[in-house]
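Hi,

Here is the structure I promised to pass on. Have a look at it first, and my notes follow below.

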Amino acid sequence: MADLRRRQAEGELAAASTPGSCCWRMAAVAAGITLPGMAARVTGLDPQTPDFVERYGEQLRLLVRRLAQPQPN
């Protein structure tokens, strides 16, 4: 967490993003590796296949784009 805060202070990470939220995003990206059984059950795909990587990557890109959209006040 200290490293994430340092990187945020140096401008490498967005000021509005909390270090905790960075950890959640990293966990989402690594889910196919760290939780392969759950990833397979949830997606119906083997996390070690190119099909999983393509589809999961697509879903992560959609999530990131959605998070980047301005939110109504």
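A quick definition before the notes: helices here are DSSP runs of H or I that span at least four residues, numbered from the N terminus. Also keep in mind that this is a predicted model.

Let's start with the charged side chains. By the rule used, there are five salt bridges. One of them links Arg7 to Asp3, with 3.9 Å between the closest N and O atoms. Arg7 and Asp3 sit four residues apart in helix H1, so about one helical turn separates them. Arg7 is partly exposed at 26% relative accessibility, and Asp3 is also partly exposed, at 39%.

Arg6 pairs with Glu10, where the closest N and O atoms are 2.8 Å apart. Arg6 is partly exposed, with a relative accessible area of 40%, whereas Glu10 is exposed at 55%.

Over in helix H4, Arg55 and Asp51 are four residues apart, about one turn, and they form a salt bridge at 3.1 Å between the closest N and O atoms. Arg55 (49%) counts as partly exposed, as does Asp51 (32%). Elsewhere, shared partners tie Asp3, Arg6, Arg7, Glu10 and Glu12 into one salt-bridge network.

Now the aromatics: the structure has one aromatic pair. Phe52 and Tyr56 are stacked, 5.1 Å centre to centre with 10° between the planes. Both belong to H4 (residues 50-68), and Phe52 is buried at 4% relative accessible area.

Last, helix H2 (residues 19-34) has a kink of about 40° centred on Ala28. Its buried residues include Pro19 and Cys22, and helices H1, H3 and H4 are among what covers the buried residues of H2.

Cheers

Key
Residues numbered from 1 in each chain as written. Predicted model: local features only at pLDDT ≥ 70, side-chain atom pairs only at ≥ 80, totals over all residues. Heavy atoms only, no water. Phe/Tyr/Trp six-rings, centres within 6.5 Å; stacked < 30°, edge-to-face > 60°. Helix = DSSP H or I, 4+ residues; strand = E, 2+ residues; numbered from the N terminus. Buried < 20%, exposed > 50% of the residue type's maximum accessible area, 1.4 Å probe, protein only. Bend = angle between axes of the 7 residues up to and from the residue. Contact = heavy atoms within 4.5 Å. Salt bridge = Lys/Arg side-chain N within 4 Å of Asp/Glu carboxyl O.
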